[in-house]
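Please look over this model with me.

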Amino acid sequence: MLYWSLKTLFSEPMRLIISALAVAVSFILVIFFSAVFEGESEQMVVYLEEMEADVWVMQKGVSNMHMASSMVWDWKADKIAQMPEVKEVAAILYFNGGVKIGGKDWFSYVIGISPEYRRTGPWAMAQGNAMPGPGEAVIPEVISQLTGVQIGDEITMIDRPLRIVGLSKETFSMSSSIVFVSRGELGDLLEGRDQFSYIMVYAEPGVNAKALAELIKQEIDKVNALTSEAFIASDRQLAVQMGAEIVRMMTMIGTLLATLIVAFTAYSLIARKKQELAIAKALGFGNGQIYLAALSQSVVVTVLGLLFAVLISFTLLEWLPAVVPQINLSIRLHQFTAIAMVTLPVAILASLVAARTVAKLDPMTVFHQ
Amino acid sequence: MNTDTLLKAIALNKYFGQGDALVRAVENVSLEIRRGEMVLIMGPSGSGKTTLLSMLGALLSPTSGQIAIAGTDISSMKAAALAALRAQKIGFVFQAFNLLEALSVEENILFPAQLSAEGVQGARERLDELLERLGLTTRRKALPNTLSGGEKQRVAIARALINKPPIILADEPTGNLDSHKGQEVMMILHDIARDEGCAVLMVTHDPRVEEIADRVLWLEDGALRDRKSEQHSWVTDPVCGMRVDEWTASVTTEYNDKKFVFCSARCLSRFNAQPERYLNETKHRVQD
């Protein structure tokens, strides 16, 4: 019966491919939304990752960078730098908010950097100067491409005009791009000339980051210190919380769509082969065996749909960023695992429609011409 | 029950509907078919032949009465047990052939073997034997849509025989075949009954079959009645020239206010395509 079901399915390859492609479309939707979300989430922590610090120090009570505000006296950076376990520190002033570029507000991480601390600025440049001075800014290259602004053009940050001196790579995100300005400029604006927001700590070789973070919390008053791993995880968690509901909903819609398509395919296949199934019933095959045949067809269509979805997604994900630079896409194995895990329930659920038809199938129809 | 009795029905009744809409499709039918016997059920259209065949084939439950298949009383059997019984004890041959379109000739024949104790592999020898016997050896890999009507029916017969069932039930097996192919199929079924010791029960309108059948049961208004063999109304099929019993024929048409009777649907479709040609040929045949 299983052989019959697969042979019947593959005897009409065009119909099978169209059905599988329809299923693939719904899975691609899920993969695409998931990839956008994952890409955006990764982009939100890209600065933290690129800095490669061992420990991040911030104002007490703060444990995030995204949507957070932190102020730490600058002498605390010096004090941390003097600890024997610390090899080097770097510090930035930071705020998040809208920056007007090319007539449009872009929600950005504005990072105030100073030449005394290496590593705090952009890590990859497309064009221009990576270290903005007073009245200057480095913006993401993608915003320049999208708005047409160039080096030398003006942008506005809290009513203060700044001249673009550099275009950075890998710093654009739909929800939080990174704009670099001079620490002095930002300190002026935030009235925090003698303050930092975050201090990056680089430990001496062999020093445990977690122990160092604990030590800093004990030694330095009113600060929070997190290992880089914990700090990134905390920001990523925030991103997930913000987008998880949307992604869950999109996944549900995609899965529902896939289920409906597979159900329709399974049902139409059963409906078209009713007479043959009635023959099988008359010859002595039971409802269970016939239902398994219908299920196997659903599973094949669904798995084939998933394979198509993966192939098409990978092709699209390679090609899309070049065409639509503002989209950050990222595919990880766990996303495919999650989709692969819903595949079987989708196939089973979809074949239930066919099961009803199988159960009602009258073997007496074999006598009809 | 006699050990040679393979199929036995006692006081079978099948009613459909209720009250004024009650239809007595089969009424008080008792019969017994023995090993090696070929029995025909004949009767006018709507007389309950297919309903009776369905009950005897364990496809339809009787309203009352008893059926024993190869010595097993099936009256109280559940659907799953009936399905298993059909797989082991009954071979079906249908008017519409009912082959599985995606499967080749040999795959179609082996299809019910999945349900037998020896399985598909164990049935391969039997498959070769049947292909040889039914002249299908060169067509074993062919798909049903490339076969002629006669070949399709031979495949259906081979499929019915693959599990060596003691009972073969055939529903109008010659209905879609021309007279020559129909005759060939009838002879195959007759030989099977004789050589394999099966009981062949056949519903048919084809009076030519009467000559090779061991017994003819006449069903009218759902009940078995006696009918003497001379009670026929013979007419000639205008297409193939075969003798057809007008009383029992189901394939008929009207042309120029005249009724024409055919031995098969195939002859009817040929007639419908070129009625004048066949009427002329009939005229010449009469003059000759």
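**Notes on a two-chain predicted model**

1. **Make-up of chain A.** Of the 369 residues in chain A, 44% are buried. Keep in mind that this is a predicted model. Chain A holds 11 helices and 12 strands. Take the contacts in chain A between residues at least 6 apart in sequence: 81% of them join residues at least 24 apart.

2. **Confidence.** Start with the complex. The predictor gives an ipTM of 0.73 and a pTM of 0.66. Now chain B. The average pLDDT of chain B is 84, and 94% of the residues score at least 70. Where in chain B is confidence lowest, and where is it highest? The lowest mean, 72, belongs to helix α9 (residues 275–287) of chain B. The highest, 94, belongs to helix α3 (residues 105–110) of chain B.

3. **Where the chains meet.** Contacts link 17 residues of chain A with 22 residues of chain B. On the chain A side, the elements that give two or more residues are α1 (2–10) and α9 (274–283) of chain A. Which of them gives the most? It is α9(A), with four residues. By type, the chain A side divides into 10 nonpolar residues, five polar and two charged.

4. **A closer look at α9(A).** This helix touches chain B, as noted above. Is α9(A) mostly covered or mostly open? It is mostly covered, with seven of its 10 residues buried. The buried ones are Leu277(A), Ala278(A), Ile279(A), Ala280(A), Lys281(A), Ala282(A) and Leu283(A). Note that Lys281(A) is on that list. Just past the end of α9(A) comes Gly284(A), with a positive phi of about 120 degrees.

5. **The largest core.** In soluble globular proteins, nonpolar side chains tend to be buried together. Here the largest nonpolar core has 118 residues. Which of its residues touch the most other members? They are Phe27(A) and Ala294(A) from chain A, and Ile41(B), Ala158(B), Ile168(B), Leu189(B) and Val200(B) from chain B.

6. **One core residue, and a second core.** Follow Leu189(B). Leaving out residues up to four places away in sequence, Leu189(B) touches Met38(B), Ile157(B), Ile168(B), Ala170(B), Pro173(B), Val200(B) and Met202(B). There is also a second, separate core of 61 residues. Its members include Tyr47(A), Tyr109(A), Met200(A) and Leu212(A).

7. **Phe33(A).** Find this residue in helix α2 of chain A. Why does Phe33(A) count as partly exposed? Because it has 19 C-beta neighbours inside 10 Å, and a buried residue needs 20 or more. Phe33(A) also shows how the chain folds back in space. Thr251(A) is 218 residues away in sequence, yet the two C-alpha atoms are 7.9 Å apart.

8. **The six-strand sheet of chain B.** This open sheet runs in the order β6-β7-β8-β3-β9-β10, with mixed pairing. The edges are β6 (90–93) and β10 (223–225) of chain B. Each has a single partner strand, so one side of each is left without a neighbour in the sheet. From one strand to the next, the twist averages 25 degrees. Inside the sheet, strands β3 (residues 38–42) and β9 (residues 215–220) of chain B run parallel and are joined by four bridges. Ile41(B) has Leu217(B) as its bridge partner in β9(B).

9. **The four-strand sheet of chain B.** The order here is β2-β1-β4-β5, the sheet is open, and the pairing is antiparallel. Which strands stand at the edge? They are β2 (23–34) and β5 (72–73) of chain B, and each pairs on one side only. Two bridges join β5(B) to strand β4 (residues 64–69) of chain B. In β5(B), Thr72(B) is the bridge partner of Ile69(B).

10. **Asp159(A).** Look in the loop between β7 (154–157) and β8 (160–168) of chain A. Is Asp159(A) buried or exposed? It counts as exposed, because it has 7 C-beta neighbours inside 10 Å. Its C-alpha atom is 9.6 Å from that of Leu189(A), which is 30 residues away along the chain.

Notes
Residues are numbered from 1 along each chain as its sequence is written. Chains are lettered from A and ligands numbered from 1 in the order in which they are written. This is a predicted model: local features need pLDDT of at least 70, side-chain atom pairs count only at pLDDT 80 or more; totals for chains, interfaces and linings use all residues. A residue is buried if 20 or more other C-beta atoms lie within 10 Å of its own, exposed if 12 or fewer, and partly exposed in between; C-beta atoms are placed from the backbone. Two residues are in contact if their C-beta atoms, placed from the backbone, lie within 7 Å. pLDDT is the predictor's confidence in each residue, from 0 to 100. Ala, Val, Leu, Ile, Met, Phe, Trp, Tyr, Cys and Pro count as nonpolar, Asp, Glu, Lys and Arg as charged, and the others, Gly among them, as polar. A nonpolar core is a set of buried Ala, Val, Leu, Ile, Met, Phe, Trp, Tyr and Cys residues joined through C-beta atoms within 7 Å. Two strands pair if DSSP finds at least two bridges between them. Axes are lines fitted to C-alpha atoms, for helices over the stretch in contact, and angles run from 0 to 180 degrees between N-to-C directions.
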